[in-house]
Amino acid sequence: MEMFLMSFTVFVLAIFVGFEVITKIPPTLHTPLMSGSNAISGITLVGAIVSTGTELWVTTVLGFLSVVLATINVIGGFMVTNRMLAMFKKKT
Amino acid sequence: MYEFIINFSYLVASVLFIFGLKGLTHPRTAVRGNLLGACGMLLAVVVTLTDRHIVSYEYIILGMVVGGAIGAVLAMRIEMTSMPEMVALLNGFGGAASIFVAGAALIEGSSLTDSPILQLTIATAASGLIGAVTFWGSLVAFGKLKGLISENAILFSGQQGINSVLAILVLGLSIGVVLNPESFSLYWLLVGVASVLGILLVLPIGGADMPVVVALLNSYSGLAAAATGFVLSNNVLIITGSLVGASGIILTHIMCKAMNRSLTNVLFGVMGPSGEGGQTADEVYGGKVKSASPEEVALLFDAARRVVIVPGYGMAVSQAQHPVASLAALLESRGTTVEYGIHPVAGRMPGHMNVLMAEADVPYDALKDMDEINQTIDQVDVVLVIGANDVVNPLARTDPSSPIAGMPIIDVDKAKIVVVIKRSLSPGFAGIPNPLFALDNSLMLFGDGKKMVLDIIAALKDS
């Protein structure tokens, strides 16, 4: 129970941090925000890696699938966000 | 000590993600922010690879190579106009990854994680449920955006009833998973039923409401990652998932506000044709619509000192962003001030128009949001509306019985002259006629957006 409460505390505080930071993002950058947040939600990769490397073949298969999917999110998300952001320029 | 290093690295990664998002508060710092986020991810992945539970690396590396290649190709080849599809797809993949990780954790049981069994099972059920709704919901959204499934609201009788039954079934199965964690088939049954629910929830939502759906699914994909974090008692997943969840919720809220509708109304309400008192297209347009030629419009631009361009989804469809930017550059070279008025729900996702204009090399400070442009719109000589309809419909202000009543709009009708490029007088998503087209100060330029803009440019250069 104590463990859960610790995790839950982190969860609630992180939501507050998220609200604070994200309300300040201007509408112009909302699309890169979405693709960028896609990229970081690929953090599931961390869990996927451990499942894939274990001994049971079932979890290896499940882990492998999730490694593929999460890596698409991470690489695709960061690259496409970078591509978009590079286009935003200041008036010269 | 080892645990300490891993957890400390996860903390650093989380901080880098937060700084990364903070970088997105200004276009100048955004590229660096994105790189910081990527560094955080690299750090998290590298320390995870040293985890003592890992006995073999072949499939991990294979998976990362395959996924990385697919992701890189997608990211490099996607057209900017198709960005909503890309984001929908990525949302879905995030959800699916959560389903599989939670499923694997359930099988491994307590050998993989330090989570207490009750937390493990509840979080697993939540991951499977949210992940499946996100994955299938996103696939349907992707299909609709891509035109593979009808963009219209797909409705059938008893829809709400079926959804309610499915929702109850999903809740029941979740409790089942919590009570019988050793019965894996129950978990996959939960995933299956939640998948059907995900499909049915998004099917009835029409094209113009996609910004809300994409933002909401973005939030779900974050919550799925957070739930997976609870499964594994892993703080970096919990923190990151919450950040993404919060981001999606904020965007959803902004989109709903920009349509003056509640989230429930977008998700479950049907946006029907206008009720009592709504005028038919003939009554609104009859004999009052003036059509112009590109040459005539060019003359108007020639005399204008201040021009505002209001783009909508139609501009994306006809890929007219580059010609529009060239027109603006041409006008500016003649001393005309050109700005863009961007409605929050123009296009198919939050910020869609801004990205398209950025692609066409339009500087970001020329892109004004709705409130800013509305303050001075009565001093604008010519407004060019291209591919937008409902977001410039004055009925939102004047007709309380209209389905878009109260929706904030860009008040283009208050400008001196409004030029609307549109294929025909067909209604927008709301299904109502737009009295803007029949106003004394508005001119219609019927035709394909890209071609019409190019014709105006040619005419301007000739004059």
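Visitor: A residue is buried if 20 or more other C-beta atoms, placed from the backbone, lie within 10 Å of its own, exposed if 12 or fewer, and partly exposed in between. How many residues of strand β1 of chain B are buried?

Guide: Five of the six residues of β1(B), which runs over residues 306–311, are buried, and the strand is mostly covered. Strands (E, at least two residues) and helices (H or I, at least four) are DSSP runs numbered from the N terminus. The model is predicted: local features need pLDDT of at least 70 and side-chain atom pairs count only at pLDDT 80 or more, while totals for chains, interfaces and linings use all residues. Residues are numbered from 1 along each chain as its sequence is written, and chains are lettered from A and ligands numbered from 1 in the order in which they are written.

Visitor: Which strands does β1(B) pair with?

Guide: Strands pair if DSSP finds at least two bridges between them. β1(B) pairs in the parallel sense with β2(B), residues 337–342, over four bridges, and with β4(B), residues 382–386, over five bridges in the parallel sense. B:Arg306 stands opposite B:Thr337 of β2(B), and B:Val308 opposite B:Val383 of β4(B).

Visitor: Which members of the largest nonpolar core touch the most others?

Guide: They are B:Ala141, B:Leu190, B:Ile309, B:Val383, B:Val385, B:Val412 and B:Val419, out of 196 residues. Such a core is a set of buried Ala, Val, Leu, Ile, Met, Phe, Trp, Tyr and Cys residues joined through C-beta atoms within 7 Å.

Visitor: And what is B:Ala141 in contact with?

Guide: Apart from neighbours within four places in sequence, its contacts (C-beta atoms, placed from the backbone, within 7 Å) are B:Ala88, B:Val202, B:Met210, B:Val213, B:Val214 and B:Leu217.

Visitor: Changing topic, what is chain A made of?

Guide: Chain A has four helices and zero strands. Its radius of gyration is 17 Å, well over the 12 Å that the globule rule gives for 92 residues, so chain A is more spread out than a compact globule. The radius is taken over C-alpha atoms, and the rule is 2.2 Å times the number of residues to the power 0.38. The C-alpha trace spans about 60 × 35 × 15 Å along its principal axes.

Visitor: How many residues of chain A touch chain B?

Guide: In chain A, 78 residues are in contact with 99 residues of chain B. The largest share of that side of chain A, 27 residues, comes from α4(A).

Visitor: What is that side like by class?

Guide: It has 44 nonpolar, 28 polar and six charged residues. Ala, Val, Leu, Ile, Met, Phe, Trp, Tyr, Cys and Pro count as nonpolar, Asp, Glu, Lys and Arg as charged, and the others, Gly among them, as polar.

Terms used
Two residues are in contact if their C-beta atoms, placed from the backbone, lie within 7 Å.
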